[in-house]
Amino acid sequence: MRTPQSKALAAALIAVFALPIAGCARNRAKSDLPYVARDVGTLYSTARKRLDQGRYKEAAVLFDEVERQHPYSIWARRAQLMSAFSYYLNRDYTESIQSAQRFLSVHPGNRDAPYAYYLVALSYYEQIRDVTRDQKITLQALNALGELTRRYPNTRYASDARLKIDLVNDHLAGKEMEIGRFYETRGQWLAATLRFRTVIDKYQQTTHTPEALMRLTESYLSLGLPGEAQKATAVLGANYPGTDWYGHAYKLMQEHPYTAAAPIAAGQPIVPVGTPGAQPLSLPGESGTATPNAEAPGTPTPVAPSGGTTGAPAPSTETPTT
């Protein structure tokens, strides 16, 4: 005969073993996606529905499942690109890059290839970090944007990429300035000069050029090279005469004992890039000149997205036809 204590113990044991089973059942119910034993059309439509609902991760998984279950169907090609787009919207940039690159490896000549390159570039671009951090991802973004503009120069994606290239170059110039200013604070003037010259030689069309010229004036004076400092100030005065940077550089030159008696020649003003007779910005008396960027920097206007999303526009979503 079972005592009340034994019955209570048995009930407790049943409850203990039942909890994990119930938990597994709940987890399975939450994680199950409706792609099991579905035809390709229903599976693709379900993925599109998840995308429209803003459930980007689920949509990406479903699009991947279309490719996995039906790799040779006409739906698989579209699903690859939609998967990359869904991962991008979910900010899973690594997955988006991998999906887009997989699409390009299988369909390099497809009409949607420019958009796949665009997604790769945007996925790198969205990961750019501030200038105090490592800029490896910034260089990857610049390479991806350049690849897009080289391969498909006449597409609307390339137009947006060119604007982003200007911003990326400005960011890289900012990194050089950050390092140069750091060297200045430590009194390492030669190292600082090399960084500021990099800005003048490689990123002269960016917003950092006036400051770089002023910092060059500081560094050259600290190195005991007043002649070089005077050249930097002359270029600064010819191209940015109304800026505070020129005012500060001019004051430094007037206060320096070796240059106070000598007037600062303005030099030949540099014609802005894009006008007849344009020249690259360079310090007077130097043989090496920098190649200017193809376009002046400006504020980018992102390609108008489809469906109210931000960033990359949605790819065309027409239903594949046999």
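Entry 1: contact of H6 with H7. I looked up which residues of H6 meet H7, with contact taken as heavy atoms within 4.5 Å. Pro114, Tyr117, Tyr118, Val120, Ala121, Tyr124 and Tyr125 in H6 meet Ile137, Gln140, Ala141, Ala144, Leu145, Glu147, Leu148 and Arg151 in H7. By class, I find 12 nonpolar residues, one polar and two charged in this contact (nonpolar: Ala, Val, Leu, Ile, Met, Phe, Trp, Tyr, Cys and Pro; charged: Asp, Glu, Lys and Arg; polar: the others, Gly among them).

I note that this is a predicted model, in which local features need pLDDT of at least 70 and side-chain atom pairs count only at pLDDT 80 or more, while totals for chains, interfaces and linings use all residues. Residues are numbered from 1 along each chain as its sequence is written, and side-chain values use heavy atoms, with hydrogens and water left out.

Entry 2: geometry of H6 and H7. Helices are DSSP runs (H or I, at least four residues), numbered from the N terminus. Axes are lines fitted to C-alpha atoms over the stretch in contact, and angles run from 0 to 180 degrees between N-to-C directions. The axes of H6 (residues 113–125) and H7 (residues 136–151) come within 8 Å and cross at roughly 160 degrees. H6 is therefore roughly antiparallel to H7 (angles over 145 degrees).

Entry 3: H5 and H6. I then examined H5 (residues 93–106), whose axis comes within 9 Å of that of H6 and crosses it at roughly 155 degrees. H5 is therefore roughly antiparallel to H6. Tyr93, Ser96, Ile97, Ala100, Gln101, Phe103 and Leu104 in H5 meet Ala113, Ala116, Tyr117, Leu119, Val120, Ser123 and Tyr124 in H6.

Terms used: Helix = DSSP H or I, 4+ residues; strand = E, 2+ residues; numbered from the N terminus. Parallel < 35°, antiparallel > 145°, perpendicular 65-115°, else oblique.
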